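Thanks for coming, everyone. I'll walk you through one model today, one topic at a time.

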Amino acid sequence: MKKIVVNGVEITHQRLVELTKLADQAKPFYDWVEKQFQITLNNTSNLDKNLQTASLSEVTRGIESCYKPLDNKNLPLLFDGIGRPYKHRKSCYYFFAWIIRDAPQQRLSGPISTLVKKTNNGRIEAQISVLATLIFEYRSDVKTFEWQAIREIIIDRLEGSRRSLKGHEKEVIVRTALLEAIQTFYSKNGSYGIYANVELFGKQVKINNETFDVGAKLLNENGKVVRHILVPVKTRETQGGGHSHLFSRDLNSALSVAKDTDMLIVVIVAKSWSKREIEALAGRINHLIVVTAQGYCNGN
């Protein structure tokens, strides 16, 4: 990896390099979509012109031809923020959603589900209808669907996807570590100590509207939960100092809902983190693990 240094200070932006490479891999998908529209609308116009001038029904038919191609061979790929290819129909959904709507997974899932229930149409049909209508209605605001503009949008969307997926990656690692710790204790002692059983959370859980990424229930002989192990996980790829304050505030809010009997463990993975924030958090929890660019720090 090439390092960029100014007066002894490293300012390397490797993530940009990785994201631009991924975005460039979306060009074959863009070209394929352009070709599908040309075949469906029986013209030789580029994708920008077709999306800017076609009627709503034509835009709908063009998108539908991408979702349901006549030839299912040699279909191009579209990737998420860490380079994993989507299945074809999800690729179509994200491609058209990315160019017309920010955070489509969060912003469009609800309306599309409502539309499915209201019209009794399938989810694919609902997606196509929503995407075509959004493009038709907002194309004058978007101004252009040329590749260079779409490339910048895809870089932005991939960055958001990468942040989310990288965070979940760390959750998997932490969940595995918690499982290993519990299993190691059980192997050594032949029991869970004062607890009859342990159940790990299979996913994020909400307690009083606060989210905990990883955790476990500690049960008594009657199967009643007597204690939780609660593990918020915070990740940040940049060195922005303000984020440590914001994330610490979020952590304090989450920890405030825990009971006195719960075991609280916080895992932070970041380029850097405020020492003052670490000290403030350490005073509130059972165990704090901080991993930064400077190395591993055991908070308490």
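Predicted model: local features only at pLDDT ≥ 70, side-chain atom pairs only at ≥ 80, totals over all residues.

**Salt bridges, cysteines and a surface patch**

Start with Asp31, which makes a salt bridge with Lys27; their closest N and O atoms are 2.8 Å apart. Both residues sit in helix H2, residues 27-41. They are four residues apart, about one turn of the helix.

How many salt bridges does the structure hold? Six. Another one of them joins the side chains of Arg151 and Asp24, at 2.6 Å from N to O. This pair links distant parts of the chain. Arg151 is in helix H9, residues 147-189, while Asp24 is in helix H1. They are 127 residues apart. Arg151 is buried, with a relative accessible area of 17%. Asp24 is partly exposed, at 34%.

Then there is Arg157, in a salt bridge with Asp156. Here the closest N and O atoms are 2.9 Å apart. Salt bridges with shared partners also join Asp24, Arg151 and Glu152 into one network.

Now the cysteines. How many disulfides are there? The count is zero. The cut-off for a disulfide is 2.5 Å. Cys66 is buried, at 0% relative accessible area. Cys92 is buried as well, also at 0%.

Cys92 brings us to helix H5, where it is one of the buried residues. H5 covers residues 88-98 and is mostly covered: nine of its 11 residues are buried. Among them are His88, Tyr93, Phe95 and Trp98.

Next, the surface. Which residues form a nonpolar patch there? Ile4, Val6, Val9 and Ile11 do, with about 330 Å² of accessible area together. Look at Ile11. It lies in the loop between strand S2 and helix H1. Its relative accessible area is 48%, so Ile11 counts as partly exposed.

Finally, the whole protein. It has 11 helices and 11 strands. Of its 300 residues, 39% count as buried. The accessible surface is about 17100 Å², and 51% of that belongs to carbon and sulfur atoms. Take contacts between residues at least 6 apart in sequence: 54% join residues at least 24 apart.

Methods
Residues numbered from 1 in each chain as written. Heavy atoms only, no water. Buried < 20%, exposed > 50% of the residue type's maximum accessible area, 1.4 Å probe, protein only. Patch = residues over 30% accessible without salt bridge, like charges linked within 9 Å, V, L, I, M, F, W, Y side chains within 5 Å. Areas by Shrake-Rupley, 256 points an atom, 1.4 Å probe, with all protein chains shown as cover. Salt bridge = Lys/Arg side-chain N within 4 Å of Asp/Glu carboxyl O. Helix = DSSP H or I, 4+ residues; strand = E, 2+ residues; numbered from the N terminus. Contact = heavy atoms within 4.5 Å.
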